[in-house]
Amino acid sequence: MLLSCSHLTKSYGGNTIISDISFHINDYEKCAVVGINGAGKTTLLKILTGEESADSGDVFISSDRSVGYLKQQQDISSELTIYDEISSVKEDIFLLEQRLRGLESGMRGLSGTELEKMLEEYNRCTTLFERADGYACRSEIAGIIKGLGFDEDNFSKKINTLSGGQKTRVALGKILLSKPDLIILDEPTNHLDMNSIAWLENYIRNYNGAVLVVSHDRYFLDRTVTKIVELDNTKGTVFAGNYSDYSEKKAFLKASLQKAYENQQREIKHQEEVITKLRQFNREKSIKRAESREKMLDKIERIEKPFELNSEMKIRFHPGTESGKDVLAVSGLAKSFGDNHLFSGVSFEIKKGERLGIIGDNGTGKTTLLKIINELEHADAGQIKIGANVNIGYYDQEQQVLSDDKTVFSEVHDTYPNMTETEIRNLLAAFLFTGDDVFKMVCDLSGGERGRLSLAKLMLSESNFLILDEPTNHLDIVSKEILENALGNYTGTVLYVSHDRYFINKTATGILHLTERHIDRYIGNYDYFLEKYNEIKEKGTKDNTDNHETAIQPSESRDDWQKQKEEKARIKKIQNRIVQCENKISELESLIAGIDETIALPENMSNSGLLNSLTNDRDRYETQLETELNEWEKLSEQLEALS
């Protein structure tokens, strides 16, 4: 066992953050801590690393084990370059290498005992150098720096000139290069693009040590960890498996607990009703029986009502009007900023109801493309055509239209005065504004808070075409899931830029991959894109110069689309036939009921000819009804299988 913590509790000013938390991490284990914002994740990491002390409980880390800790924010101040700063971790290897070069030089003019002595020292240093993998050291350093998103042109940049996010990447590089027995990472993917995150995932999976990570990136957690520690309502619960395993088990446990709570409440209510009835009889025996039941009821260990998001927090937003079938057509779009050529020849179409995610490396022009569509930037070439009755709702983290002199609550209320206070508070809570947060002045909000408020307002706009730039930034996992469910039920059209692969998987019906100055289109979610993209790379058929709007929708994609179209047609045909069957069944049942009424009339009882004719008709209708019922069952099974 590498690390263990037992019964950790921590409070600030009477507010309990974590309570009675216990878990352990074994050698080579990959573990994640998850929970909503404010659940105490970072506090727990600080206690584990000794930055803070717990109010009670114990932390044990083997004394002979090394720990590397990456904080969310780094304040590295250095005149060194990126390469030299990260390389400083391997200073002992470089010193050893210098010693070897010095010995090599010194041995040239020696002989006899002096040469043997220096040769012995040289062999000893060589062994140490090889054990430290010194020959691959520089290659490893360059690989880590590039993997974290710095190209060779950045190697010579000085640390003091870097942004906060770049400094965090440098700090991460130093930790990875030092190879501690346990790496503790607090939101390591925040400042990485998709390629760098994928590289880090692979690095962690193959890392010859243990990892403890806090992250809101669910796709990252799915691909890296095998254990989840959930912090919820100050308590900690350990789940085996990755994030999806945890999510499935959590949903099952929640449903089981809810069912147990409801069953117990029904039993309690039943017992209370019986007790009341027994007391009403007002007889000695019945009163004693009532008292006996009351004692049994008092001994029941009550199940606490499971916490459940208010149903109003499950955001539902609908377009005010329906758009036409053709929502957006982009043709031959090009954009450059001076010598920085972003893209050219970009063409694609969006149809009503589609939800397309734009992905690509940092700097490829994803946000610029959205701004051009929204007429916030001018294109150098190309055309954009907006369809009939299209009402755009745009979310841009840099362009939030908010009033600094209003509170968070009044910002929503003044725009949507028909909403009740409860409705507004539930909406704001879904975007992490709870309690007194709703009375904060807009001017005092951080950039992330302003973004969340703008996104909350957009959800109420009744637009039928949503254009979103990184909508999940600054949201915790619960809020992301609320947004995913809202978009999944949204009947309008959505175009968004996101690096959140789990979010893309949940919401996208197609992918636009902006790469190498052009755009490629894929049908399906992120996993489907990744599968097809890797297939194309392996086949070596990707053309790096042409627009792949048609080429990248190869015959397989068109076949998939055709199959989907045919499948929808089959489903529609079966649905229509089911309706016909149901109408026929209703008609036949009415006819049979009419015959039964006629046969039952007193004046017809002695008319054998009429009764015989009615009976024959009834038998014929019964046979037809049986046939229609069988057909209905058969069609229903087919529809269920297709669905």
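**Exercise 1. Strand β8 and its partners**

How many of the residues of strand β8 are buried? Then find the strands that pair with β8.

*Solution.* This is a predicted model, in which local features need pLDDT of at least 70, side-chain atom pairs count only at pLDDT 80 or more, and totals for chains, interfaces and linings use all residues. Residues are numbered from 1 along each chain as its sequence is written, and side-chain values use heavy atoms, with hydrogens and water left out.

Step 1. Locate β8. It spans residues 227-232. Strands are DSSP runs of E with at least two residues, and helices are runs of H or I with at least four, numbered from the N terminus.

Step 2. Count the covered residues. In β8, 5 of 6 residues are buried. Buried means under 20% relative accessible area, exposed means over 50%, and partly exposed lies in between (1.4 Å probe, protein chains only).

Step 3. Take the parallel partner. Strand β3 (residues 30-34) pairs with β8 over 4 bridges, in the parallel sense. Two strands pair if DSSP finds at least two bridges between them. Val34 has Glu230 of β8 as its bridge partner.

Step 4. Take the antiparallel partner. Strand β9 (residues 235-240) is joined to β8 by 6 bridges. Here Lys227 stands opposite Ala240 of β9.

Step 5. Inspect the turn. β8 and β9 make a hairpin with 2 residues between them. Asn233, in that turn, has a positive phi of about 55°.

**Exercise 2. An open sheet and its helix**

Work out the strand order of the sheet that contains β10. Then place helix α11 against the sheet.

*Solution.* 

Step 1. Read the order. The open sheet has 3 strands, β11-β10-β13, with antiparallel pairing.

Step 2. Find the edges. β11 (340-351) and β13 (381-386) are the edge strands, each pairing on one side only.

Step 3. Get the twist. From one strand to the next, it averages 15°. Axes are lines fitted to C-alpha atoms, for helices over the stretch in contact, and angles run from 0 to 180 degrees between N-to-C directions.

Step 4. Contact means heavy atoms within 4.5 Å.

Step 5. Check one pairing. Strand β10 (residues 326-337) and β13 are antiparallel over 5 bridges. Leu328 stands opposite Ile386 in β13.

**Exercise 3. The two sides of helix α10**

Which residues of α10 are buried? Which exposed residues sit on the face turned away from them?

*Solution.* 

Step 1. Size the helix. Helix α10 (residues 284-299) has 16 residues. From first C-alpha to last it reaches 23 Å, close to the 22 Å expected at 1.5 Å a residue. The expected span is 1.5 Å times one less than the number of residues.

Step 2. List the buried residues. They are Ser286, Ala290 and Leu297. They lie on the same side of α10, because they cover an arc of only 40° around the axis. The arc is that of the directions from the helix axis to the C-beta atoms.

Step 3. Turn to the other face. Its exposed residues are Glu284, Lys285, Lys288, Lys295, Met296, Asp298 and Lys299.
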